[in-house]
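Hi,

Here is the structure I promised to pass on. Have a look at it first, and my notes on what turned up follow below.

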Number of protein chains: 2
Amino acid sequence: MAKEIRLNAFHMNTPSHSWAGLWRHARDRSLDYTSPAYWVDLAQTAERGLLDGVFLADVFGSYDVYGGSRDAAIAHAVQSPSNDPFMVVPFMAQATKHIGFGITATLTYEQPYQFARRFSTLDHLTGGRVGWNIVTGYLKSGAAGMGQSAIRAHDDRYDAGDDFLAAAYKLWEGSWAAGAVLRDKTLGRFADPALVHTIRHRGPYYQVEAAHLSEPSPQRTPVLYQAGASGRGREFAARHAECVFLGGQTKAIVRDAVDAIRRQAVAFGRRAEDIVIFLGATAIVAPTSAEARDLAADYAAHIDPIAQLALVSGWSGIDFAKYDLDEPIRHEKSNSIQSFVENITTRADRPITPRDLISFSTIGARGPFVVGDAATVADELLSWVDETGIDGFNLARVVVPETLKAQVDLLVPELQNRGRFKTAYAEGSLRQKLFPGAGPHLPDRHIGASHRPL
Amino acid sequence: MAKEIRLNAFHMNTPSHSWAGLWRHARDRSLDYTSPAYWVDLAQTAERGLLDGVFLADVFGSYDVYGGSRDAAIAHAVQSPSNDPFMVVPFMAQATKHIGFGITATLTYEQPYQFARRFSTLDHLTGGRVGWNIVTGYLKSGAAGMGQSAIRAHDDRYDAGDDFLAAAYKLWEGSWAAGAVLRDKTLGRFADPALVHTIRHRGPYYQVEAAHLSEPSPQRTPVLYQAGASGRGREFAARHAECVFLGGQTKAIVRDAVDAIRRQAVAFGRRAEDIVIFLGATAIVAPTSAEARDLAADYAAHIDPIAQLALVSGWSGIDFAKYDLDEPIRHEKSNSIQSFVENITTRADRPITPRDLISFSTIGARGPFVVGDAATVADELLSWVDETGIDGFNLARVVVPETLKAQVDLLVPELQNRGRFKTAYAEGSLRQKLFPGAGPHLPDRHIGASHRPL
């Protein structure tokens, strides 16, 4: 039997996310992003559709590559303002029961001791529904905000990530041993100090000497997401990630990436199925394909070309203000997201131009771009799953809330009718929902488990 | 007409807060602190009583002075575990409309750029209901957790605080000028980049070169709370704080502290009434004074002496494990909360002993300890207000939820009947509720206002 696919709503605490300019659409409610009702509606809609999670992107800094200034980003709301993703999760959790929350957080600007507490607290309060999308930060403007004169070099960022995670695993998995928590009112013993261990981490980037401040939460370590797709990024993902978020404009590119990550994971002593792989996708669904095409044309008219290029300039480190719209994009050296630059410049059939990046298309979406009635969209998405080995999709925000509502009301039932989507949530934590048969904690073969007390 | 008093519920994201051991009481629900329902009930109860705020303490580290180890703290739940206070605020905000939230956060381990965004985000999502209790961190164990070999010296911590706040004011007040946000769908302009300024802060402790990541929230700068009461701490409070949280075992001590802070504030160009002063207090109220005394005796039997001394050892830096219970406390040198040591050793009428610190009393409470029917408790609390110049109280958690519920159901109506407590919330942000006639932002005469664009 073909496997059930996974779907996340891909969102961000900002008025404009993957498709710049859609906030200007008359029916779009993105400007309400500062209101709890906005997030409650998002989470309840996604949970009504039995989606696996709300995956929250984050950016820490301003997009200032385009034209050498952040002016376009500020004026056109290019992931600006960018509010803290953690703070919206409790609002969404309070209004839902099952859906998970993937939160992007940049380890570069955190300390494991404090950071581990924040995640443990949220894992407690959500009943084990949180995941951490591990990013290392690539915007020079973010570093300047944090008082640093430069960002770390690309591979160096991943070395720091390995070090950060080692410290975090020790806090989450190794500090409070199983059985440490007693909560015994009669004996007056909350915990057994002999089972609460001081972590002594002396890494090249991070040092921690302390016991974890929080008692163990339902999952201990949150579900770990990762999206880096460079060579070093994939190695990092294969070692740590339980969920990987990929981009990719062709099935061949995606299949190669999936195979490489799973192969590497197996080489690290994990199983291929220990990693759930989500591909970014944009899906515009309507009762009929004609209506969907009309919608897509309407939405496309709202893409803001300058904003979209400012966004992609920030990701790639390439200043598209210096390009003509139809000029082939060269493979420039950059300290930004390497894999992104490789992806957009290595497509075989023809050169990619800035115009491709501002158009609704698989290239512009950096993943499947699908328009049609539910059957058409389901056919297309399932073909990507079946031909590449991915497990599902992070569905990009287009017009809020109608794009997601149509996916929930039309696409999900279609997938369910084909036996390719769950009809109820599994019980348990986010990890248990993502990995049937798993427990709430990291599996023993995960590197994080090696930091448990003997 | 005598002024209306202010009341906060003083709480913490931990099973045991000001009075150690009460979590063992059969009716106490503190062990539910990891559940959203616990926080929703707290906030709704406090709002039912028209309290001004829920004031959340925090501790970042373990209490390891007592006996030279953290074992007592871990075993007896001495503010351990200590979960992140930010994460419970959205749960409480979602379930309420008016009540404010004072969140303790240690600036020592934060960077202004990231921290300012977190508070702006929460101020947006709560509709302008958040305050920041500025603390500088005093536990060596917290520093070790953060990879630092030592904590900053006491006065140095306040210098760093001045520097941190200067950077934060620039981000909150100075980056996005009034009128910068357009949100104009028709023109496609979210903001005017000419009115969004890059902050260039080159301080001795903190450096920021960036625009603020968040658009201005209802209050911009959250309401600023501060609790330091050493000489340097008071100077810091007089410069920055809008709300001050004091301890003090006698009215004379409290009156002197109140006068000193207000005088210093005036010397800094502020007004005496620009600072709302809360005194810590413990109030056990029941329908009759006899019932209240029975309750207090029952609660007192649940104080855990070792835990309470471990707590006070952590605050003071004095290892009370080395004292007999009836041995006078000496004034020892320490790098901890200076004013606390001064307070407990300078009471004139007799020497203070550890036994005083583990007893339900004004000394043990480090502020009024009041037991009785509503009239008795109101008389006593109002006498502190009228004789010291404070504005109200941070009411300590004793048994959750019944202590607070009794305060709300019995004490608040009594105060209302006397015309000494509001009968409805004022409209507007937390700042507007605390300062009648004020706007949502810092007043022009506050030091933070000097960082606004010209």
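Starting with the fold of chain A: among contacts between residues at least 6 apart in sequence, 77% join residues at least 24 apart, where contact means heavy atoms within 4.5 Å.

Before the rest, some housekeeping. This is a predicted model, in which local features need pLDDT of at least 70 and side-chain atom pairs count only at pLDDT 80 or more, while totals for chains, interfaces and linings use all residues. Residues are numbered from 1 along each chain as its sequence is written, chains are lettered from A and ligands numbered from 1 in the order in which they are written, and side-chain values use heavy atoms, with hydrogens and water left out.

**Chain A overall**

Chain A has 16 helices and 13 strands; these are DSSP runs numbered from the N terminus, with helices being H or I of at least four residues and strands E of at least two. Its C-alpha trace spans about 70 × 50 × 45 Å along the principal axes. The radius of gyration of chain A is 22 Å, which agrees with the value near 22 Å for a compact globule of 454 residues. That radius is taken over C-alpha atoms, and the globule rule is 2.2 Å times the number of residues to the power 0.38.

Of those 454 residues, 64% count as buried (buried is under 20% relative accessible area, exposed is over 50%, partly exposed is in between, with a 1.4 Å probe and protein chains only). Chain A exposes about 14,800 Å², and carbon and sulfur atoms supply 51% of that. The areas come from the Shrake-Rupley method with a 1.4 Å probe, and for residues only the protein chains shown count as cover.

On charge, chain A carries 47 positive and 51 negative side chains, and the centres of the two sets are 4 Å apart. Lys and Arg count as positive, Asp and Glu as negative, with His and the chain ends not counted; each charge is placed at NZ of Lys, CZ of Arg, CG of Asp or CD of Glu.

**How the two copies relate**

The same surface serves both: 100% of the contact residues of chain B recur in chain A.

**Backbone spots to check**

The loop between helix 2 (71-75) and helix 3 (89-94) is worth a look in each chain. In chain A, this loop holds A77(A), a residue other than glycine with a positive phi, near 60°. A77(A) is buried, at 0% relative accessible area. In chain B, the loop between helix 2 and helix 3 holds Q79(B), whose phi is also positive, near 45°. Q79(B) counts as buried at 5% relative accessibility. P81(B) sits in that chain B loop too, and the peptide bond joining S80(B) and P81(B) is cis, with omega about -10°.

Another cis peptide bond runs from V400(A) to P401(A), with omega near 0°. P401(A) is in the loop between strand 13 (392-396) and helix 15 (402-417) of chain A.

**A few residues in chain B**

L42(B), in helix 1 (residues 36-48), is buried at 7% relative accessibility. Beyond its neighbours within four places in sequence, L42(B) contacts A9(B), H11(B), V54(B), M92(B) and L404(B).

S30(B) lies in the loop between strand 1 (6-12) and helix 1 and is buried, with a relative accessible area of 2%. Not counting residues up to four places away, S30(B) touches P15(B), W23(B), Y38(B), R397(B) and V400(B).

Y323(B) is in the loop between helix 10 (305-316) and helix 11 (338-345), and at 8% relative accessibility it counts as buried. Its C-alpha is 7.4 Å from that of P354(B), 31 residues away in sequence.

G439(B), in the segment after helix 16 (430-434), is partly exposed at 32%. Leaving aside neighbours within four places, G439(B) is in contact with R431(B) and Q432(B).

Cheers
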